[in-house]
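Hi,

Here is the structure I said I'd pass on. Have a look first, and my notes follow below.

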Amino acid sequence: MNSAAEARFRIQELCSYFPTVKVIALDTPSERVVRRVATGSWEHTTFLTAAAFSGELIDLAGRPRNLTDEVDEADLVVMVATPGGRAHAASIIGEACSRRRVMTTGVVLGGTSAPEAALSKTLLQLRPWSLMVVIADPEDYLDNMLVALRA
Amino acid sequence: MLKKEQNDLLTQTGPGTPMGQLFRSYWIPALLAEELPENDCPPVRVKLLSERMVAFRDTNGRYGLIDEFCAHRGVSLWFGRNEDCGLRCSYHGWKYDVTGQCVEVPSEPDGSPYAKTVQLKAYPLIELGGILWTHMGPPEQRPPQPEFEFATVPPEHSITTKRVQECNWLQALEGGIDSSHVSFLHRGDLNTDPLFKGARGNQYNLGDLRPVFEVVESPGGLYIGARRNAENGNYYWRITQWVMPNFTMIPPRGDHPIHGHFWVPIDEENCWTWSYEYHPTRSLSSDEVSAVRAGKGIHVKYEPGSYRPLANKDNDYLMDRAAQKAGRSFSGVEGFAMQDASVQESMGPIVDRTKERLVSTDNGIIMARIRLIIAVKALIDKGVAPPGIDPAHQRVRSASVILPPDQPFKIGASEALIARPAVAPASV
């Protein structure tokens with residue numbers, strides 16, 4: 001039996017799972033991107049900002065959101081930063097994720113062509129708390145990544 | 001997850017398809033030079049990008065890659081006679097030169113111009129690094145010759161093998177980009193395989209089975225970094241190169257040769273997996289060459305007289321459940337190459353990516369797909385040459401290095417990631 005014929009008999013069932021994702025902007029430039037991405041159609045994804053972090057996250061309508069509560073219901077937390085930005089919330093968010101064994105991804109937008117010092121500064125803040133780091137130039141990488149993850 | 005139309009876009013490479021047009025922008029490996037070992041040797045069937053061709057080497061040593069079928073009645077020219085500077089159809093004697101030009105139609109009168117009106121589709125074949133490369137795109141868009149380092153070092157520094165893989169090219173490529181499978185699928189082989197064992201870097205690998213991955217765009221594709229803790233707060237990085245569309249280079253270990261792959265579509269359900277092994281600054285030892293010939297490392301043993309692996313889907317890849325149970329092999333399949341091929345072929349001829357459930361560590365695969373889609377659209381819509389054609393994109397190396405914790409590996413290892421003649425690879 002050739003490979004195509006064999007594959008015809010696979011069980012055909014649509015995946016109905018959508019992970020609960022929290023996308024958190026860590027600085028002002030990344031918040032601008034996150035606000036744009038949030039206008040898309042997403043299943044179980046919440047968009048938040050920690051650009052002016054002082055212990056609580058803020059949703060895009062300006063309401064405070066409890067970090068622990070948000071992490072508790074997450075399958076994945078995506079922290080979005082830009083090179084040289086103020087990503088100081090990464091350690092607090094990352095620690096909360098680590099305590100609850102929640103997967104973290106750090107996305108550095110515009111990092112490919114950034115000056116070394118700026119990128120180093122951001123990586124130093126993100127790396128200890130990100131189980132996956134992506135350094136991407138296209139601003140729509142975040143959109144594409146979330147689609148690929150069924151967010 | 002991909003939408004169906006995206007999956008179709010990336011996996012279909014036949015004539016007239018967008019991805020087929022992208023592949024036809026590059027020089028791609030077509031045959032091993034050893035398959036046409038001498039002038040007037042037997043022709044070889046070649047199927048690439050869903051086109052059936054025949055390759056031959058004429059009386060003067062010129063290589064030809066032409067439509068497999070005679071223009072007269074559609075007979076396969078593989079049955080033909082390779083003689084007197086041409087390939088002659090065994091049915092009625094029509095004869096073609098290496099450019100596909102018919103040079104003789106015996107049934108026509110002497111001096112008849114008829115043969116000149118018959119031209120088979122033909123592509124160039126150039127020899128480089130023991131490989132015959134072809135460019136299947138328009139001649140006016142032919143790119144510069146390939147400059148991948150494994151193909152440009154002295155012949156005694158490099159060896160290349162190939163094997164048939166019975167699945168679409170993309171899922172094979174994605175295995176090469178997916179560094180997170182190594183700690184599972186290949187566990188057990190790092191310390192025993194002659195082309196891997198003994199490197200200090202192996203201790204970092206085995207001491208930390210959960211590396212952190214970092215994906216960064218490169219000019220020609222991607223750098224995929226796998227990070228593990230090293231001494232004094234530093235990180236041990238293994239940096240894989242992906243050069244678009246289908247080339248990968250695995251990070252080196254110790255003074256072992258560097259290795260990697262090309263995945264070349266045969267058709268939509270099969271591809272060639274090319275596997276190279278080279279060292280930039282020294283000849284390969286006889287032990288290393290013997291190991292490659294014995295199917296060690298990323299190479300395979302073959303079914304006699306073919307490039308089909310001896311372990312294949314028809315014999316369940318010679319699965320050894322006892323070795324699996326005893327922990328001698330995580331997968332039960334012998335060797336890195338067939339460990340990869342067995343799982344990738346089991347996904348089906350073209351995996352249905354609308355159903356997959358990717359996770360965050362799959363970001364290398366996600367980014368590669370995005371880069372491919374962007375490149376295909378730019379090529380089709382605007383005629384923009386895709387990344388990976390520029391020889392500078394091909395003069396790259398993978399690397400294994402130790403760097404400070406805040407340093408972007410693209411910068412900290414910038415020199416190590418470029419192929420420099422007579423400079424040893426950065427390897428731990």
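Let's start with the charges: the count between chain A and chain B is one salt bridge (a side-chain nitrogen of Lys or Arg within 4 Å of a carboxyl oxygen of Asp or Glu). Arg127(A) makes it with Glu214(B), with 2.9 Å between the closest N and O atoms.

Before you go further: this is a predicted model, where local features need pLDDT of at least 70, side-chain atom pairs count only at pLDDT 80 or more, and totals for chains, interfaces and linings use all residues. Residues are numbered from 1 along each chain as its sequence is written, chains are lettered from A and ligands numbered from 1 in the order in which they are written, and side-chain values use heavy atoms, with hydrogens and water left out.

Now the whole interface. The contact (heavy atoms within 4.5 Å) takes in 38 residues of chain A and 37 residues of chain B. About 3100 Å² is buried between the two chains, 56% of it from carbon and sulfur atoms; that's accessible area (1.4 Å probe) lost on putting the two parts together, summed over both. On the chain A side, Arg127(A), Met132(A) and Arg150(A) lose the most area to chain B, together 21% of what that side buries.

There's some strand pairing too. β7(A) pairs with β13(B) (residues 212-217) in the parallel sense over four bridges; strands are DSSP runs of E, at least two residues, numbered from the N terminus, and a pair needs at least two DSSP bridges. Met132(A) sits opposite Phe213(B) there.

Cheers
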